Amino acid sequence: MGDYEQFTERIHKRTGINLSLYKEKQMKRRLTSLREKRGCQSFDDYYNLLINNKEYYHEFLNRITINVSEFFRNKKRWDVLNQTIIPKLLTRKKHLKIWSAACSTGEEPYTIAMIMNQHLSLSNVEIVATDIDENALQAARNGVYPGKSLKEVPEDLKRKYFQENDGIYTVDANLKKAITFKKHNLLKDTYERGYDLIVCRNVLIYFTDGAKEEIYQGFSHSLDDDGILFVGSTEQIFNPKQYQFQTVDTFFYEKQNAKEKTLE
């Protein structure tokens, strides 16, 4: 077994994070760069550094979870959610349960909350936002962002939901209250049931095909019948029926029930 393979096995045993489910070439290159930055000659040395240094361990988590996000990322897709998907969901029920999976530093679930509040009171929406990285989750709870993260936020929403101070924007307290942030590992932990909408974007491209299949199956089980999965612009599902999904718009997939209802 090679140096890197031993490292991934030890990380898995200690943390539950299975790096072998990520695309090896990309992940190994990313971690080799980080290892060398910290002056480690081998992955064995790097592992020992991580288990003895909390700061470097969190740096490692940041690197493998790729915390890059912004509000309304790929805005045209969010427009479809706002104008088409949410109104259809609300014809069926007036209280929606939503999961922002691998939410990074919180821009995605806050975007969801802003959109939902255009349709109904946030007291009628349950938004759960999860990530594997505790540092990212804490940043999400803090809700403080640089101006560049808000470049796609419409001006009226920016005025309504953010307080600006010297180019730094803080999320409104009422918006924060609408979201529950908690730690979750998509490759290890159980998936809660009963969701009407799951948003997981620009994350699965880093996983192997086998890992993607497990995650899509998990999302399918988590969704109620007629619920919607919203994925990123590079993550189109080419065999949605395998997961009891059917395509309802580009990057939107509906969970099918026994009667095979569709969003019309």
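The model is predicted, with local features needing pLDDT of at least 70 and side-chain atom pairs counting only at pLDDT 80 or more, while totals for chains, interfaces and linings use all residues. Residues are numbered from 1 along each chain as its sequence is written, and side-chain values use heavy atoms, with hydrogens and water left out.

**The whole chain**

Let's start with the overall picture: the protein chain holds ten helices and ten strands. Both are DSSP runs numbered from the N terminus (helices H or I, at least four residues; strands E, at least two). The chain has a radius of gyration of 19 Å, close to the 18 Å from the globule rule for 264 residues, so it is as compact as a globular protein of that length. That radius is taken over C-alpha atoms, and the rule is 2.2 Å times the number of residues to the power 0.38. The other chain totals are gathered here.

| Property of the protein chain | Value |
|---|---|
| Span of the C-alpha trace along its principal axes | about 60 × 50 × 25 Å |
| Buried residues | 50% of the 264 residues |
| Residues 24 or more positions apart, among contacts with a separation of 6 or more | 72% |

Here buried means under 20% relative accessible area, with exposed over 50% and partly exposed in between (1.4 Å probe, protein chains only). A contact means heavy atoms within 4.5 Å.

S100 belongs to strand β1 (residues 96-100). S100 counts as buried because its relative accessibility is 0%. Leaving aside residues up to four places away in sequence, S100 touches E108, P109, I112, V128, A129, T130 and V199. Helix α6 spans residues 107-116 and is mostly covered, with ten of its ten residues buried. Among the buried residues of α6 are E108, P109 and I112.

Strands β9 (residues 245-249) and β10 (residues 252-255) run antiparallel and are joined by four bridges; two strands pair if DSSP finds at least two bridges between them. T247 stands opposite Y253 in β10. Two residues lie between the strands of this hairpin, where F251 takes a positive phi near 75 degrees.

**The second largest pocket**

This pocket has a volume of about 210 Å³. Of its 13 lining residues, D209, K212, Y216, Q236 and F238 are the closest to its centre. A pocket is an open set of points on a 1 Å grid over the protein atoms alone, where a 1.4 Å probe fits, with protein on both sides within 12 Å along at least five of seven lines; lining residues have an atom within 4 Å of a point. The volume is the space filled by probe spheres set on the points, which are joined across faces, edges and corners.
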